[in-house]
Amino acid sequence: MRAVWMDCDSGFDDALALMVLARAPHIELVGISTVVGNASLANTTANTLAVAEFCGLNTPIYRGAAKPLAQEPQTIERLLGAGAMGTLGRRFPTAGRTAEPVDAVHALAATLRSAAPRSITILATGPLTNVAVVLLLHPELVDAIDSIVWMGGSTAGGNHTAAAEFNAYADPEALDGVLRSDAAVRMFGLNLTHQVLITPEHEQQVRAIGTERAAIVADHVGFYLRMSDPATPRAAALHDPSAAAYLLWPDLFELAPARVDVELGRTIGRGATICEFRVPRKADPNALVATTAQGDEVVTRIMAAISAHLS
């Protein structure tokens, strides 16, 4: 059994990632924390609570950072729809429970402090603010972390700016801190996630299940596929679910050691991730960077995992 702490800024693709893990037979979700990113902390927390309840999860959920370490929040609700959970109609029902009274930093630190060495995997699908604060305040707790599997960054170019992927841009100082922490980082950037595509055919596949639960998810998928053009659905990258899929099916991915650095300057390059693969000749590696996915098979398995919630 693999103990996983999920840190997220839900967001629709975070929601799908959570659905992928919720019934995985060899995954124990020991905690879920929320962070500002795709939306405000209030919205990412409400979304996470709603999706967890939809999946029948009773994993404790903790509110984390409401702002990045060194800048104002960089939310993208204008792109992702209201609350970062845009839909063609139906929505996940509002959760009947609330977040835990303990904040995410204290909760994650307590979990790591009581864990065996190298026993906790952190799946991070948003800005790394919460994780960075824990490792800054308690650097010794890195010994309890097996790996930090992070969806973010890119080996070439960005999506939020020409240079930077959104999760990296949203808190580059946090990313820098995690990369310097000696944690075993696994980076799943845009170069990888654009190999894993959800299509209009997958939307119809979900609708064909015929239940109200399936219709809810299909309406969210439908919005996601129409973000660039409301009139025409187009294939879109499954960003966060790709990182979740790696925890279940690592044989479908190839990763390579690299030196990853993030641009911290207040220029047009802020948040860019520079990946030096010529290690150790040019630099000492500090991460494994996902380079290749068997995209069609990854999507097939992700859709099967999601469909298990929809009958």
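This is a predicted model: local features need pLDDT of at least 70, side-chain atom pairs count only at pLDDT 80 or more; totals for chains, interfaces and linings use all residues.
Biologist: How much space lies in the largest pocket?
Modeller: About 540 Å³. Its lining has 26 residues, and L79, L80, N159, M227 and H239 are the closest to the centre.

Biologist: What makes L79 a lining residue of the largest pocket?
Modeller: A lining residue has an atom within 4 Å of a pocket point. L79 is listed in the lining, so L79 has such an atom.

Biologist: Which element supplies the largest share of that lining?
Modeller: α3, with three residues. At least two residues each come from α3 (77-80), α6 (166-170), α10 (212-225), β8 (236-237) and α11 (239-248).

Biologist: Why is α3 called a helix, with residues 77-80?
Modeller: A helix needs at least four residues in a DSSP run of H or I. α3 runs over 77-80, so α3 meets that cut-off.

Biologist: How does the lining of the largest pocket divide by class?
Modeller: Into 12 nonpolar, eight polar and six charged residues.

Biologist: What is the volume of the second largest pocket?
Modeller: About 210 Å³. Of its 14 lining residues, A46, N47, A50, F92 and T94 are the closest to the centre. Helix α2 (residues 41-54) gives the largest share, four residues. By class, the lining has eight nonpolar, four polar and two charged residues.

Biologist: Which domain does UniProt list for residues 4-298?
Modeller: The unreviewed entry gives "Inosine/uridine-preferring nucleoside hydrolase". That span is 34% helix and 19% strand, with its end C-alpha atoms 20 Å apart.

Conventions
Residues are numbered from 1 along each chain as its sequence is written. Side-chain values use heavy atoms; hydrogens and water are left out. On a 1 Å grid over the protein atoms alone, a cavity is a set of points where a 1.4 Å probe fits but cannot get out, and a pocket is an open set with protein on both sides within 12 Å along at least five of seven lines; lining residues have an atom within 4 Å of a point. Grid points are joined across faces, edges and corners, and a volume is the space filled by probe spheres set on the points. Ala, Val, Leu, Ile, Met, Phe, Trp, Tyr, Cys and Pro count as nonpolar, Asp, Glu, Lys and Arg as charged, and the others, Gly among them, as polar. UniProt positions are given in the numbering used here, feature names are shortened, and annotations may be inferred rather than shown by experiment.
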